[in-house]
Amino acid sequence: MNSKGDGKHEPADPENALRIIELELMRQRAARQQAGTPYRGLRAASLIFLFAVIVGVALAFYYVFYSGGLEQFRARNPAPQSSPSVTPFSPSP
């Protein structure tokens, strides 16, 4: 029996009812898969961005520590030299 009163007829055959239910479930599953599609592009973009950041960090690490970038930086900015000043001398007892 149709308790909603929307004018739909229920099939008398249980096999036909199962077939209709399976078709409805397949339709709903397909609708859910299509609704999730916009996030696939966002997920791919975020993974590409993460990969680019990791590659950038690896290249910076290589430049600074292996190819001599740190030595070039130290050569351009020498360490401050302490100026000779008179320090008070205290004789040890």
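Helices (H or I, at least four residues) and strands (E, at least two) are taken here as DSSP runs, numbered from the N terminus. The model is a predicted one, so local features are reported at pLDDT of at least 70 and side-chain atom pairs at pLDDT 80 or more, while totals for chains, interfaces and linings draw on all residues. Residue numbers start from 1 along each chain as its sequence is written, and side-chain values rest on heavy atoms, with hydrogens and water left out.

On these terms, the protein chain contains three helices and zero strands, arranged along the sequence as α-α-α. Confidence is expressed as pLDDT, the predictor's own score for each residue, from 0 to 100. The chain averages 79, and 68% of its residues reach 70 or more. Among its elements, helix 2 has the highest mean pLDDT (89) and helix 3 (residues 69–76) the lowest (72). A friendly caution applies: where pLDDT is low, the predicted coordinates should not be read in detail.

Burial follows relative accessible area (buried under 20%, exposed over 50%, partly exposed in between; 1.4 Å probe, protein chains only). Of the 93 residues, 2% count as buried. Accessible areas were computed by the Shrake-Rupley method with a 1.4 Å probe, and for residues only the protein chains shown count as cover. The chain exposes about 9,200 Å², of which carbon and sulfur atoms supply 65%.

With a salt bridge defined as a side-chain nitrogen of Lys or Arg within 4 Å of a carboxyl oxygen of Asp or Glu, the count comes to one. It joins the side chains of Arg27 and Glu24, at 2.5 Å from N to O. Both residues belong to helix 1 (residues 14–35), where a spacing of three residues separates them by about one helical turn. Glu24 is partly exposed, at 34% relative accessible area.

Aromatic rings of Phe, Tyr and Trp (its six-membered ring) pair when their centres lie within 6.5 Å; planes under 30 degrees apart are stacked, over 60 edge-to-face, and the rest tilted. One aromatic pair results: Phe61 and Phe65 are tilted, with 4.9 Å centre to centre and 45 degrees between the planes. Both lie in helix 2 (residues 37–65), four residues apart. Phe61 is partly exposed at 45%, whereas Phe65 is exposed at 52%.
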